[in-house]
Structure formats: structure tokens, C-alpha cells
Amino acid sequence: MPAELSADGSVQYSLQLGDDAEISLNDKLNSQITIEFAGAIQCIHCGRKTKKSFSQGYCFPCMKKLAQCDQCIMSPERCHYDAGTCREPEWADKYCMTDHYVYLSNTTAAKVGLTRGNQIPTRWIDQGAEQALPIYRTATRQQAGFVEDALRQHIADKTNWRNMLKGSAAPIDLETLRDELREMTQSALAEITERFGVSNITALESEKVIDLTFPVSTYPTKITSFNLDKVPSAEGVLQGIKGQYLIFDTGVINLRKYTGYELTFTFSG
């Protein structure tokens with residue numbers, strides 16, 4: 001579910017239909033939508049048919065061999081590239097050995113996270129963040145992982161997706177929070193900087209808070225999730241889109257979970 005951040009801070013979602021067709025999902029707000037799962041799943045890497053999707057879209061063999069499915073993607077500080085055991089060194093050169101950013105965001109609560117430079121603001125949109133502030137730039141993903149690990153001793157690093165879908169976030173002074181976290185982690189961050197060099201760990205001082213507004217007309221009071229693996233259809237009136245979730249009057253569905261699934265969408269109204 002591709003998304004872009006407009007100049008005014010509003011998030012614009014689209015839906016890819018087939019190879020070329022694309023429609024605006026924002027325009028479908030308050031429309032009746034039916035999603036049907038035909039039972040077919042294909043690996044998004046090799047195209048192999050699979051009975052179960054692993055790591056959000058891969059078949060089991062690809063999940064076991066691809067670097068993008070390795071444990072260090074979820075825990076960057078566990079990167080083993082320097083040990084010579086990376087599954088795909090060329091892939092790592094392109095995606096891991098490049099500038100990363102550690103950031104603070106507000107998804108109804110403050111959290112810390114990291115992302116590649118070219119994934120800003122996509123990462124924040126995917127998380128349903130309503131505010132975000134980059135606070136460090138590093139030369140590699142692993143270095144960002146160490147910085148994040150130091151900060152998450154004092155702040156959450158996970159999004160409470162249920163709370164995120166229940167309403168708008170109360171504003172947080174992320175710049176003040178940044179300064180407080182730096183004070184609390186001064187010793188740990190100094191050790192990381194000494195280990196990797198001042199040119200590789202940069203504290204960002206002039207970045208401004210980015211505000212994001214999601215297309216939601218009504219938030220649910222109770223969160224009920226559709227599971228297409230158990231019931232192969234979901235329908236309702238689209239009341240909002242936030243993160244990678246469609247919010248219906250009948251429940252919510254995380255489309256990212258169904259990457260690689262053959263789905264049919266029907267719109268009415």
C-alpha cells in the first residue's frame with residue numbers, strides 16, 4: 001500500500017492493482033469495500049507458490065537464505081557482516097552499509113526507531129506516527145542499532161498498534177525529549193562514538209519535527225482484526241487509513257501482513 005507525504009503533512013495512500021493500475025485510497029473513504037482472498041500466495045522474491053507467507057511475503061527457502069530476512073534486520077546491533085557471514089554481502093553493501101537515521105516518533109506514545117535515509121518519511125507513515133524527529137545519522141545500520149539500543153533503555157521502541165488505531169496522538173515535545181535522552185545516555189553514546197568515530201555518528205541539531213496527518217474520518221472504540229487466513233473475506237465501510245491498516249466500520253486489517261497474497265478488491269458507493 002504505497003503512501004506519500006504531501007507538503008501540508010497529509011498522508012496520501014494508493015493501492016496497486018495488478019502490474020500497472022493504481023488508485024487513490026483516500027478517495028475511497030466512506031465507500032463500501034470488500035476484500036477477498038482467493039487462496040493463492042506467491043513469494044515476493046522468487047515468485048514461488050507457497051502455502052504460508054514468512055517474514056511478510058517470502059516463501060520458506062527465501063526466508064532462510066535472504067539477508068533481508070535475517071535476524072539482524074530486526075536487531076541491527078547483531079549485524080555479522082564484519083564476521084564474513086552475511087547471507088548476501090552485496091545486498092548489505094547497498095542497504096545496510098549506508099546512511100541510517102535514529103529518530104523519535106509519536107504514535108500515541110513516544111518511541112525510538114531507525115531507518116535508512118531513503119525510507120524517510122515512509123517508515124513513519126508505516127508506523128502511523130503523527131510526529132517524527134531525526135536525532136542521529138550513522139554510516140551503517142549496525143551503528144544506528146547500537147545508538148537505538150542505548151536510547152531504548154529509557155524509551156519504548158515498539159508501537160502499540162491498538163492504541164494507534166483508536167485515536168489521534170496528543171502532541172509531544174520531541175525536541176525536549178531528544179535533549180533529555182541525550183543527557184541520560186551521554187556515557188553510552190560517547191562509547192559508541194569513540195568506537196566508530198565521530199565522522200560516523202552524528203548528532204543532529206537542526207532537524208525540525210515533522211507532522212503527519214492520516215485520512216481517518218472515524219476511529220474505532222474497539223479493535224477487531226480481520227484474519228484472511230481464517231475467514232477469506234473482509235468488508236465494511238472504509239472509515240480511515242493509518243499506518244498499513246485499513247479501518248472499516250466492521251474491523252481493521254493490516255494489508256502489510258498479506259504481502260504476496262492474491263487479493264480481490266471490490267468498491268461500491
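Author: Welcome! This is a predicted model, in which local features need pLDDT of at least 70 and side-chain atom pairs count only at pLDDT 80 or more, while totals for chains, interfaces and linings use all residues. Residues are numbered from 1 along each chain as its sequence is written, and side-chain values use heavy atoms, with hydrogens and water left out.

Reader: Why is Ser75 called buried?

Author: Buried means under 20% relative accessible area, exposed means over 50%, and partly exposed lies in between (1.4 Å probe, protein chains only). Ser75 has 19% relative accessibility, so it counts as buried. You will find Ser75 in the loop between α2 (71-74) and α3 (89-95). Helices here are DSSP runs of H or I with at least four residues, and strands are runs of E with at least two, numbered from the N terminus.

Reader: How far apart are Ser75 and Phe146 in sequence and in space?

Author: They are 71 residues apart in sequence and 9.5 Å apart in space, C-alpha to C-alpha.

Reader: What makes Thr140 a cap for α5?

Author: A side-chain oxygen of Thr140 lies 3.1 Å from the backbone nitrogen of Gln143, at the N-terminal end of α5. A polar contact is a pair of N or O atoms within 3.5 Å; within protein, one must be able to donate a hydrogen and the other to accept it, and residues adjacent in sequence count only if both atoms are side-chain atoms.

Reader: How do you know how α5 is oriented relative to α8?

Author: Helix α5 and helix α8 (residues 186-196) pack at an angle of about 165°, with their axes 9 Å apart. That makes α5 roughly antiparallel to α8. The cut-offs are under 35 degrees for roughly parallel, over 145 for roughly antiparallel, 65 to 115 for roughly perpendicular, and oblique for the rest. Axes are lines fitted to C-alpha atoms, for helices over the stretch in contact, and angles run from 0 to 180 degrees between N-to-C directions.

Reader: Which residues make the contact between α5 and α8?

Author: From α5 come Gln142, Gln143, Phe146, Val147 and Ala150, and from α8 come Ala188, Leu189, Ile192, Arg195 and Phe196. Contact means heavy atoms within 4.5 Å.

Reader: What makes β5 and β7 a pair of strands?

Author: Two strands pair if DSSP finds at least two bridges between them. Strand β5 (residues 100-106) and β7 have seven bridges, in the antiparallel sense, and His100 stands opposite Thr138 in β7. Strand β7 also pairs in the antiparallel sense with β8 (residues 201-203) over three bridges, and with β9 (residues 210-211) over two bridges.

Reader: Why is β7 called largely enclosed?

Author: Seven of the eight residues of β7 (residues 131-138) are buried, so the rest of the structure largely encloses this strand.

Reader: Why are Gln56 and Thr108 called partly exposed?

Author: Gln56 has a relative accessible area of 44%, so it is partly exposed. Thr108, at 31% relative accessibility, counts as partly exposed too. Gln56 has a positive phi of about 60° although it is not a glycine; phi of Thr108 is near 95°, also a positive value in a residue other than glycine.
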